[in-house]
Amino acid sequence: MSKTRLALLTAIAAAIALFFAFDLGQFFSLEYFKSKQAEIMAFYHANPWQTALVFFAIYVAVTGLSLPGAAIMTLVAGAIFGLLVGTIIVSFASTIGATLAFLASRFLFKDAVQRKFGDKLRAINAGIQREGAFYLFTLRLVPLFPFFVINLVMGLTPIKTRTFYWVSQVGMLLGTLVYVNAGTQLAQIQSLKGILSPGLLLSFALLGVFPLIAKRIVALVKVRKVYAKWTRPTRFDRNLVVIGAGSAGLVAAYIAAAVKAKVTLIEKHRMGGDCLNTGCVPSKALIRSAKLLSQIRHARNYGIRSAQAEFDFADVMERVQKVIRAIEPHDSVERYTGLGVEVIEGEAKITSPWTVEVRTSGSLRTLTTRSIVIAAGAQPFVPPIPGIGEVGYVTSDTIWKLRALPRRLVVLGGGPIGSELTQAFARFGSQVTQVEMLPRILIREDPEISEMVAQRLREDGVNVLVNHKAKQFAMEGGEKVLIAEHAGTDVRIPFDQVLVAVGRVANTTGYGLEELGIGTTRQRTVETNEFLETIYPNIYACGDVAGPFQFTHTASHQAWYASVNALFGRLKRFRADYSVIPWATFTEPEVARVGLNESEAKEKGIAYEVTTYGIDDLDRAIADGEAHGLVKVLTVPGKDRILGATIVGEHAGDLIIEYIAAMKHGIGLNKILGTIHIYPTLAEANKYAAGNWKRAHVSPKTLEWLGRYHAWMRG
Ligand SMILES: Cc1cc2nc3c(=O)[nH]c(=O)nc-3n(C[C@H](O)[C@H](O)[C@H](O)COP(=O)(O)OP(=O)(O)OC[C@H]3O[C@@H](n4cnc5c(N)ncnc54)[C@H](O)[C@@H]3O)c2cc1C
């Protein structure tokens, strides 16, 4: 704590201590006032200005130092100065005093509190920034929380001082009036209980419910406004229509059918969406074949003198399709129909908040529905780089059609999709150049983690170019060339095929969102609130179309909230819980993460400790010839509570589950250490990481005493 802060804290503490040491509280009682009332009134009549000024100053001091007595002083103000002057004095004095307490709390504690609990306060901070004035107004009007607590707590939030001042003054005005008014009757009131007359009680009750009613009214007005131009059907054919049968839509429809709602799922392309047809499934099938090739190439490491693989890339791509076909039944029309979902293969368009038009090959139908879930997914983003159209390109949507292996492949993008496909194609024998404009690939991971993957890609023969910004595509001498800018100079990269994998954009156009005025975020996803509700409380969005994550497991996680809120929102709504979000990148080495990594903890100013365990030391990894990678766990300093974990290595995506469960259910490293892990498994790495944490936290003093105890036992 700085010297100024310490001095201020000492001064405040001393003033408060003096107040109690000299029992100054006795002067802030009705009894004391009543005993001196005649003298005080005489002084006031003789010296009205001085009385008002002294009273004002004492009021500011009492409220500024958060001392008890403000309520009594408000009553006394009524008794001495009458309703009008009393209200003016108290209104300004209480607001100035409150603001001083607010500023002191902010100066003394805000930085420390935000630093320590920044991550937990994020939602509160965002709420205060958005609706701080309304929260404060509500708190001022509803005398549920003590006055001084509001001042001190508000000082710790990001609310502006100006806002705090005026909202406090306005918010407290009615309460002040009621109290000062009661004070004017003070001659008749014998104790504080006396002010609780039926009339006053009623006015307080009204004050209490007023903000709630006000908020409800505001919400109702907003809703009426968005629905105003639409005609609501008198009845609905369905409870729910789900647009899109990808990971999100399938789960949303499944949940609705499971709770016996009448639900229709509409898919315009292929059941299963991206994940099954062009995303997770084909990429993992391709990666498996590529890994086998890599293992055969490294057969010597396993004691096999010679092993050779002959393959045709077309066969590999056919196997990918076979895998899709094998998984297809899980997401099929037949399966979902059997589960009670009506499936329509056609293109949906929302035509009003309660109607969805479906265009199938032979017809156009309009469905009426009480609620809608938008699960329309995303598509690869193709940046408008000059010449890209002329040279031609593939994306994660179209690459699956390739049957000939490109000799020279440029992969634009160093994210998970780009990195996974880069490695796979390199292992099949393409000369792959991966081009990333940022300083490293897998930028969301910690630098050393990115480097572990980049290193492996280089070993697989990939030319990993970071800090290279794709500027232009061109045909030069009959050859396709990418011109990228690096450190101020142009680098020319000749290629035969380019895969564009620089991100994915949500599908937000062409199916009614524009007409309904449903907006998009800065990330170009459908705008929803924490309940995944759009501006229309009966229309929800989930999955890639809603963001902020773009994974199959987050799509289905959100789908539960969207579907349940759409069906039962009138009774209870659930906030989408993003507290523990995991993901994995299926390169070799695999990278899996849950919660914070070190870079994020630093960026957010969250205090942390790091514990690592090198998987090169793990028995099973050594036996498997996979002795590489690490477990890196972030914990709260001095505690075993997990803030996040990253695992790099074989099956990292499976190993991370232990940390996901631990974080979700509040289990710390001590409990992981105390759990039996089967020997010899890769999962033991998690336990050894917990063991490393434990060793670092055993007190040297305890060990010293234990040493002495054992020496004594030896005699
Ligand atoms: C190459 C690649 C690899 C990936 N690997 C992984 C991975 O390993 N793990 C992971 O978790 N995630 C992975 N993902 C991401 C994952 O595929 C997506 O996050 C997931 O598919 C999103 O599901 P969704 O339901 O939101 O959208 P989608 O799966 O895109 O489904 C949306 C559906 O809506 C349909 N639709 C759109 N508009 C309409 C309309 N108007 N009418 C009717 N239907 C409509 C579309 O045809 C589509 O089928 C990968 C993605 C790619 C591209």
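Visitor: How far is C275 from an oxygen atom of the ligand?
Guide: This is a predicted model, and in it a backbone N or O atom of C275 sits 3.3 Å from a ligand oxygen atom.

Visitor: OK, and what about the side chain of K284?
Guide: An N or O atom in the K284 side chain is 2.7 Å from an oxygen atom of the ligand. There's also F551, where a polar backbone atom lies 3.2 Å from a ligand oxygen.

Visitor: How much of the ligand does the protein bury?
Guide: The protein buries 93% of the 1,000 Å² that the ligand exposes when taken alone.

Visitor: Which elements give two or more residues to the shell around the ligand?
Guide: Those are helix 8 (247-258), strand 2 (263-267), helix 9 (273-277), helix 10 (280-297), strand 4 (347-352) and helix 17 (552-568).

Visitor: And which residues come nearest?
Guide: Out of 38 residues around the ligand, it's A248, E267, K284, D544 and T552. By type, the shell splits into 15 nonpolar, 15 polar and eight charged residues.

Visitor: Switching topic: which residues are buried in helix 11?
Guide: F313, V316, M317, V320, Q321, V323 and I324 are buried there. Looking down the axis, the buried residues of helix 11 fall within an arc of 155 degrees, so they line one face of the helix.

Visitor: What's on the other side of helix 11?
Guide: D315, K322 and A326 are exposed on that side.

Visitor: What span should helix 11 have, at 1.5 Å a residue?
Guide: Its 15 residues, 313-327, should span 21 Å, and the end C-alpha atoms are 22 Å apart, which agrees.

Technical notes
Residues are numbered from 1 along each chain as its sequence is written. This is a predicted model: local features need pLDDT of at least 70, side-chain atom pairs count only at pLDDT 80 or more; totals for chains, interfaces and linings use all residues. Side-chain values use heavy atoms; hydrogens and water are left out. A residue is near a molecule or strand if one of its heavy atoms lies within 4 Å of it. A polar contact is a pair of N or O atoms within 3.5 Å; within protein, one must be able to donate a hydrogen and the other to accept it, and residues adjacent in sequence count only if both atoms are side-chain atoms. Accessible areas come from the Shrake-Rupley method with a 1.4 Å probe; for residues, only the protein chains shown count as cover. Helices (H or I, at least four residues) and strands (E, at least two) are DSSP runs, numbered from the N terminus. Ala, Val, Leu, Ile, Met, Phe, Trp, Tyr, Cys and Pro count as nonpolar, Asp, Glu, Lys and Arg as charged, and the others, Gly among them, as polar. The expected span of a helix is 1.5 Å times one less than its number of residues. Buried means under 20% relative accessible area, exposed over 50%, partly exposed in between (1.4 Å probe, protein chains only). The arc is that of the directions from the helix axis to the C-beta atoms.
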